[in-house]
Number of protein chains: 2
Amino acid sequence: MTGEALAGLSLNTATVRAQWGLEEMIPACRPAGITGISPWRDQVAATGLEETARMIEGEGLAVTGLCRGGMFTRAEADGTQAVLDDNRRAIEEAARIGAACLVLVVGGLAPGSRDIDGARAQVRDMLGVLLPEARKAGVPLAIEPLHPMYAADRACVNTMAHANDLCDELGEGLGIALDVYHVWWDPALSDEIVRAGRRILAFHICDWLVPTRDLLMDRGMMGDGVIDIPRIRKEVQATGYSGHAEVEIFSSEDWWKRPPEEVLATCRERYDSVV
Amino acid sequence: MTGEALAGLSLNTATVRAQWGLEEMIPACRPAGITGISPWRDQVAATGLEETARMIEGEGLAVTGLCRGGMFTRAEADGTQAVLDDNRRAIEEAARIGAACLVLVVGGLAPGSRDIDGARAQVRDMLGVLLPEARKAGVPLAIEPLHPMYAADRACVNTMAHANDLCDELGEGLGIALDVYHVWWDPALSDEIVRAGRRILAFHICDWLVPTRDLLMDRGMMGDGVIDIPRIRKEVQATGYSGHAEVEIFSSEDWWKRPPEEVLATCRERYDSVV
């Protein structure tokens, strides 16, 4: 196994969300050699927050994150208060399940807008409002820079450099969720990982397929694509990161159609062989 | 018209390639208010180099570029000599038709490779070989940074910063083709346009659609997407760029299915209203 200095493998629940609810996923982790979990909020809501917390505690799984807060740029459409309140609930939920961080997908352009600088300023401002509350709750906020192909509709923070800039500006309690899928192409990646240092709160893995047939739903299993995952893992570990590697695969036409037991077994096998 | 300080609108021939050959495109430009053209090499080959040059001269069109050279990272599969020779032919063709630049799509990862740093080094090295020959031929080479979603399979130069770094290193005769589609998302864009200055050899336009349904073939007509084109145009013009805006739309399911006269008329109308 190449990733031995990490804490282990964690399951981002998106990976088998088409097949299973949390009730099935949580007990299936440990038997598959998976010692962490990172649930999505809609799944937590479906199972119930207390029941989710109870089940995860019962299995002794690390909670490597809660997915997700953010979507700050919906404020114009949904109302600033509504967006802030939703993030506050996410912070509470993250605290309740003992998540290592609340992952933030910050939102893209507001509907009808072409003002990406404005969107980025709004993200910064709303982070500034929420951060003191997150600190008080003991929940680190993790900005996830998304691949530039999501800049318009999902997240206008698209590089490690930008996430690091926000952390510089806003300070303690704000960190970064690094997903190899989103950042592998960036020529500044190695430098920005060093710059991030202990700000890296989560390390997400999957792979970039060639060809990629869909912008959202065609992520690959580790080893099936072109990302040099061990290189990025080593750079992340060199910052002092010793948490889990969290597998997160959106794959509506492949992995989401397979038996979930097979998916988990493959995740673990690839974690051992190519991460 | 907002783009009045530019030289005019140029047609990248990919825009109507599904409907027309160069024989139809070239005479259709001026009647549509299009005063430049940027042909693709396969189309030039189909029409013949001399005939293409003759027709373009006859219409008095500016040749804003030749598409394309590059694909340096195919050297391992195809042989370094073959790739260099192909680029040498492209330089000759660009000289013959009086192209303002030879556009370079530099190539992605070599087949089976995960070594993006290695690919980038290979691009630099092969540019270093070709650049003196391009200078001698009087053909500026224009690196086109492609969107990061093409890093694996088309071009491992994905930001203006990286293209500027290559220009810094390799010097005179090397410049940049800036396509709004590829760079609009970049938080460093404005700074890197300033840094590029007179290196900007071509200015390509289209739009980013939301949603984007295909990574390659779903580019939008100017005004139909979310790119703030006038802002980028002004920044490019502020560097002293006074060439054409070149429309380049890959759209297998929409614009490539429309009557080409309608496509050209729409390009001109949008150039007047939203560029």
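Analyst: In this predicted model, the side chains of A:Asp272 and A:Arg268 meet in a salt bridge, with 2.9 Å from N to O. Both residues belong to helix H11 of chain A (residues 260-274), and because they are 4 residues apart there, about one helical turn separates them. A:Asp272 is partly exposed, its relative accessible area being 29%. A:Arg268 also counts as partly exposed, at 23% relative accessibility.

A second pair in chain A links parts of the chain that are distant from each other. A:Asp42 forms a salt bridge with A:Arg17, and the closest N and O atoms are 2.4 Å apart. Here A:Asp42 sits in helix H2 (residues 41-47) of chain A, whereas A:Arg17 is in the loop between E1 and helix H1 (22-29) of chain A, so that the pair links distant parts of the chain, 25 residues apart. The relative accessibility of A:Asp42 is 42%, which counts as partly exposed. A:Arg17 is partly exposed, with a relative accessible area of 30%.

Chain B holds a salt bridge between B:Asp42 and B:Arg17, again with the closest N and O atoms 2.4 Å apart. Because B:Asp42 lies in helix H2 (residues 41-47) of chain B and B:Arg17 in the loop between strand E1 (8-12) and helix H1 (22-29) of chain B, this pair ties together parts that are 25 residues apart in sequence. B:Asp42 is partly exposed at a relative accessible area of 42%, and B:Arg17 is partly exposed at 28%.

Other salt bridges share partners: they join A:Asp165, A:Asp168, A:Glu192, A:Arg195 and A:Arg199 into one network. Over all chains, the count comes to 52 salt bridges.

Of the salt bridges, 2 are counted between chain B and chain A. In one salt bridge, the side chain of A:Arg231 meets that of B:Asp117, at 2.9 Å from N to O.

E8 (residues 200-205) of chain A runs parallel to E9(A), and 3 bridges join them; the bridge partner of A:Phe203 in E9(A) is A:Ala245. E9(A) also pairs in the parallel sense with strand E1 (residues 8-12) of chain A, over 4 bridges, and there A:Leu11 has A:Val247 as its bridge partner. Strand E9 (residues 244-247) of chain A is covered on both faces: A:His244 and A:Glu246 on one side are buried, as are A:Ala245 and A:Val247 on the other.

In it, 30 residues of chain B are in contact with 30 residues of chain A. About 2400 Å² of area is buried between them, and carbon and sulfur atoms give 63% of it. B:Arg114, B:Trp185 and B:Leu215 supply 25% of the area that chain B buries against chain A, more than any other three residues. A rotation of 180° with 0.0 Å of shift along its axis superposes chain B on chain A, with an RMSD of 0.0 Å. That is the relation of a two-fold axis. Of the interface residues of chain B, 100% are also interface residues in chain A, so the copies meet through the same surface.

Technical notes: Residues are numbered from 1 along each chain as its sequence is written. Chains are lettered from A and ligands numbered from 1 in the order in which they are written. This is a predicted model: local features need pLDDT of at least 70, side-chain atom pairs count only at pLDDT 80 or more; totals for chains, interfaces and linings use all residues. Side-chain values use heavy atoms; hydrogens and water are left out. Copies are superposed by least squares on the C-alpha atoms of residues with pLDDT of at least 70 in both. Contact means heavy atoms within 4.5 Å. Buried means under 20% relative accessible area, exposed over 50%, partly exposed in between (1.4 Å probe, protein chains only). Helices (H or I, at least four residues) and strands (E, at least two) are DSSP runs, numbered from the N terminus. Two strands pair if DSSP finds at least two bridges between them. Buried area is the accessible area (1.4 Å probe) that two parts lose on being put together, summed over both. A salt bridge is a side-chain nitrogen of Lys or Arg within 4 Å of a carboxyl oxygen of Asp or Glu.
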